Amino acid sequence: MNILGYPLGLIMRLLYNILHSYGWSLILFTLLVRLVLVPLSIKQQKSSAKMAAIQPQMQEIQKMYAKNQTKMNEELQKLYQREKYNPAGGCLPMLITLLVLFGLIDVIYNPMQHILGISADVITQATEIMKGLGVAFSQYSPQTAIISSVQANPEAYAALGTDFITTLQSFDLNFFGINLGETPSLSLSPLILIPILSGVTAFIPSWLSMKNNPAMLEGPGAGSMKVMLLVSPLMSLYIAFQVPAGVGMYWIFSNVFMMIQTMVLNKFYNPKEMAEKAKQEAEQRREQERLEHIEAKKKARAGDAEAKERAKKQKEINRQKLAEARKLDAEKYGDVYTEVTDDDLE
């Protein structure tokens with residue numbers, strides 16, 4: 001995660017140096033991430049609409065080849081190629097979002113390294129001092145504990161220099177009274193709002209997507225989609241209790257920005273309208289292919305008739321030539337002339 005956290009940490013450090021607020025830097029960072037993902041979100045929305053348009057054909061193939069999985073997959077691949085649909089087209093935004101999340105967890109776990117730019121040696125020394133003081137800390141996020149310890153007892157860290165103490169004392173992890181470096185628990189404190197809001201805001205975008213694209217709730221995969229509608233928010237709720245509140249806050253604002261983005265995109269790329277349009281285009285294409293097939297058959301029949309006519313004419317010419325030859329032979333040798341039959345022309 002440190003590899004993923006390094007570039008994100010540089011961005012967070014830049015934002016923090018401009019805003020001098022950890023919370024607002026996190027919100028602006030989240031907004032920048034959502035803006036970067038807009039093109040991929042548009043592509044994902046188009047992919048969902050395309051899937052909705054070809055869903056009836058997919059269901060027909062699945063029903064027809066229910067007992068032959070190999071043939072079903074072959075026919076589905078042909079359908080995807082014909083309709084220019086990529087089943088994995090919506091995975092890239094999800095993958096990038098996941099990578100950003102892992103990187104951001106590393107940034108939030110290690111603010112001294114990523115945001116304040118303190119060297120690894122100094123962080124190691126500060127950790128040893130904190131251990132000597134008997135301060136309890138999580139093995140995943142000792143740096144947030146160091147910041148709190150320095151702010152509570154700066155004299156204990158005097159050996160690391162005035163600049164070190166001043167830097168950590170000026171670094172505030174609080175945002176509207178919530179320490180974003182702490183991990184939420186079930187205790188009655190403002191921190192518990194982070195996981196709850198994380199789960200709620202995770203549910204709403206998924207619900208909006210399904211509402212605007214009813215085809216997602218149809219067909220063989222409808223059951224799993226309905227399950228995911230509930231599982232995803234519950235996972236967000238659970239994970240938000242395992243990581244620092246800053247991660248949950250990122251999740252909340254990411255979901256809020258996604259809701260706004262979804263509503264805006266629906267004005268320009270409405271899944272229902274796109275699905276209907278794609279459906280009409282597919283029907284027009286199939287009708288065009290049907291007419292072309294009929295026309296090809298007509299041409300083939302016309303070609304056969306023409307070939308038959310040519311063969312008939314050639315046969316008559318051959319008959320006449322053979323009849324003339326027989327007449328000449330009959331006159332020359334005094335033979336009896338016999339009419340030319342079809343068997344003679346074989």
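**Fold dimensions and salt bridges of the predicted chain**

A307 is found in helix α13, which covers residues 271-333; helices (H or I, at least four residues) and strands (E, at least two) are DSSP runs numbered from the N terminus. The structure is a predicted model, in which local features need pLDDT of at least 70 and side-chain atom pairs count only at pLDDT 80 or more, while totals for chains, interfaces and linings use all residues. Residues are numbered from 1 along each chain as its sequence is written, and side-chain values use heavy atoms, with hydrogens and water left out.

A307 counts as partly exposed because its relative accessibility is 35%; buried means under 20% relative accessible area, exposed over 50%, and partly exposed in between (1.4 Å probe, protein chains only).

The protein chain contains 14 helices and two strands. Its radius of gyration is 37 Å, whereas a compact globule of 346 residues would have a value near 20 Å; the radius is taken over C-alpha atoms, and the globule rule is 2.2 Å times the number of residues to the power 0.38. Along the principal axes, the C-alpha trace spans about 140 × 40 × 40 Å. Of the 346 residues, 38% are buried. Among contacts (heavy atoms within 4.5 Å) with a separation of 6 or more, 69% involve residues 24 or more positions apart.

Five salt bridges are present, each defined as a side-chain nitrogen of Lys or Arg within 4 Å of a carboxyl oxygen of Asp or Glu. In helix α4 (residues 69-83), K71 and E75 are four residues apart and so are separated by about one helical turn; their closest N and O atoms are 3.2 Å apart. E75 also bridges to K78, with a closest N to O distance of 3.6 Å, and these residues, three positions apart in helix α4, are likewise separated by about one helical turn. E75 counts as buried at 18% relative accessibility, whereas K71 is partly exposed at 26% and K78 is partly exposed at 44%.

In helix α7 (residues 120-132), K131 and E128 are three residues apart, about one helical turn. Their side chains form a salt bridge at 3.9 Å, N to O. Both count as partly exposed, K131 at 47% and E128 at 48%. Salt bridges with shared partners join K71, E75 and K78 into one network.
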